[in-house]
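Dear colleague,

Please find below the structure that I am handing over to you. My notes on what was found in it follow directly after.

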Amino acid sequence: ADDVTPDKLLNADSEAGNWLTNHKDYSAHRFSTLNQINKSNVKNLHVAWTLQLGGIEGGGIWSHGGLEGTPVVQDGYMYVTDGWGSVYKIDTHGGQGKILWRMDPKTDHDWAGAVACCGVDNRGVALAGNMVISHTLDGRLIATNKDTGQIAWQRQVADPDKGEVMTGAPLVVKNLAISGVAGAEYGIRGWIAATDLTTHKEVWRTHTIPAKGEPGSETWKDNYNAAAMGGGSTWVTGSYDPRTNTLYWGVGNPGPDWDSEYRPGDNLYTDSTLALDPDTGKIKWHYQHTPNDPYDYDSVAENVLVDAPVHGRDAHLDLEADRNGFAYAVDRDTGNFIWGLPFVKKVTWTKGLDPETGKPAEYDPKKAVQQYAVTPSRQNTVTMICPGNMGGKNWPPTAYNPILKEWYIPVIESCNRVTVKPENPNKKPHPRDLFTGGGPDQPVRITGSVTAIDVTTGKEVGKHETPYPMLGGLLTTPDLVFYGQPDGIVAALDAKTLDQLWSFNTGGGVNAPPMTFTSDGKQYVAILVGQGGAWDKWFIDATPELKKVHPSSALYVFSLN
Ligand SMILES: O=C(O)c1cc(C(=O)O)c2c(n1)C(=O)C(=O)c1cc(C(=O)O)[nH]c1-2
Ligand SMILES: [Ca+2]
């Protein structure tokens, strides 16, 4: 296959049969124009072929690995990862899947697995030139030769000795591979880093928690340097707007998660969307969703870049569906709030958003420790919060249909209980120790939905409820929306009515997004099947029958005939 040049990535949308980058394109639409499979025939969709992958073994605090990756496809060759970061090249020609090579990075299972908060996960690869670029849980960026499967070079980017791991797919922009980090539950100070693909050297590293004296450092008001362990992870792949040369990246929760009094102030840039210059890493603007967050509402979600009229006026939107249960549209050139709405059925932590600023109604910039409608705190140590701390939506990606101008959100309809256990500033935990100031449990059932929003009005236009939370994310085509469920169901909905038109039980747990591609001119839908992630360990009591779903590690590919 051809080299994946920067130009090719800029025009990823023009290659209908390919899926060249994690979110399909730089705008993170996860929309494919392919329509051989459509609402008139999707009922005939069936398994074309399957493949068993590896990486199911455990390590550290984890009993097994899971699959959260989006397959990337170029010219009928597919590249997928397993939870430990092995990369598989699969030839999909001839109506079957054949593994051509597997690159096993020999990830240190225990060193990394002991400080992975939420599973043995790897969300996929990037393509650049003749290389497949990937991350490992133990913090490496690896370039693998696409033809041979040999590692060409690698670089340690994150340090598990500090509680840093990597679970997201890299993003390639121009000649840079951009990496995010996980570890906000382990007292890291988060960052985004760019590696030059020619020199293999770091070009920039922008911390998501400002250093003393930098803009934003005034939002950490303690006198014991809480910022040094302030969290601000960046574990989901960002997006890019070439029109203004701007990178968009979400930032995770502040640490300690539940003890907001430990870290008085708004805690920038936690729970924020950052707009950055990809050449220098300089921050252009930020938009914070949950200042002084006491709920673990990471704002790591992908930023979806959409050009559409809002109430009749053309707008350059940056859409983000936040863990806090609200969907936001901000002007992606300025960071100014445009619209926001709850996309879950139940929000209790705040009364709503200020219609001018999009800030939570109770937010008071003069207060060091925010009091929202329901606030876990040292005074109020046991609280029920809705959405629960896994959020109204977690990392599983949304999809945007530019024909219908509808944005589909994979929703976790949830509440859970939080118990605060204050951290002591005089007793700093060791690096690699959990640093959360409490924790959640699951007294009530959690379900899910696909919720549709009309981006031109910022109004909800449909909700398809599902028995289980959305732990895998979405794909949209001109008239369909695809998703998977943790009980093994993969399904297709009518994009307009959200009526279910097709479903199939894979017999495993789906924890990964669907994608679509062509091979020999024929359309396929592919999805990884293998339960992993945070649900298993931290949330399963909300869906007890899922304890009977066993780990697996498989690729399912569907077609019409
Ligand atoms: O702050 C972080 O560093 C971090 C990292 C991750 C991760 O890397 O998977 C998750 C979370 N937080 C998190 O809060 C969370 O709910 C979560 C769910 C999952 C998953 O894969 O199912 N990962 C993560
Ligand atoms: Ca987190």
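A residue is called buried if 20 or more other C-beta atoms lie within 10 Å of its own, exposed if 12 or fewer do, and partly exposed in between, with C-beta atoms placed from the backbone. By this rule, 60% of the 561 residues of the protein chain count as buried.

This is a predicted model, in which local features need pLDDT of at least 70 and side-chain atom pairs count only at pLDDT 80 or more, while totals for chains, interfaces and linings use all residues. Residues are numbered from 1 along each chain as its sequence is written, and chains are lettered from A and ligands numbered from 1 in the order in which they are written.

The protein chain holds three helices and 37 strands; these are DSSP runs (helices H or I, at least four residues; strands E, at least two), numbered from the N terminus. Its C-alpha trace spans about 65 × 50 × 50 Å along the principal axes.

The UniProt record, an unreviewed entry, places the feature "active site" at Asp 296; such annotations may be inferred rather than shown by experiment. Asp 296 lies in the loop between β19 (283-288) and β20 (304-310). Asp 296 is buried because 31 other C-beta atoms lie within 10 Å. Leaving aside residues up to four places away in sequence, Asp 296 touches Asn 253, Asp 257 and Asn 389, where contact means C-beta atoms, placed from the backbone, within 7 Å.

Notes:
Contact = placed C-beta atoms within 7 Å.
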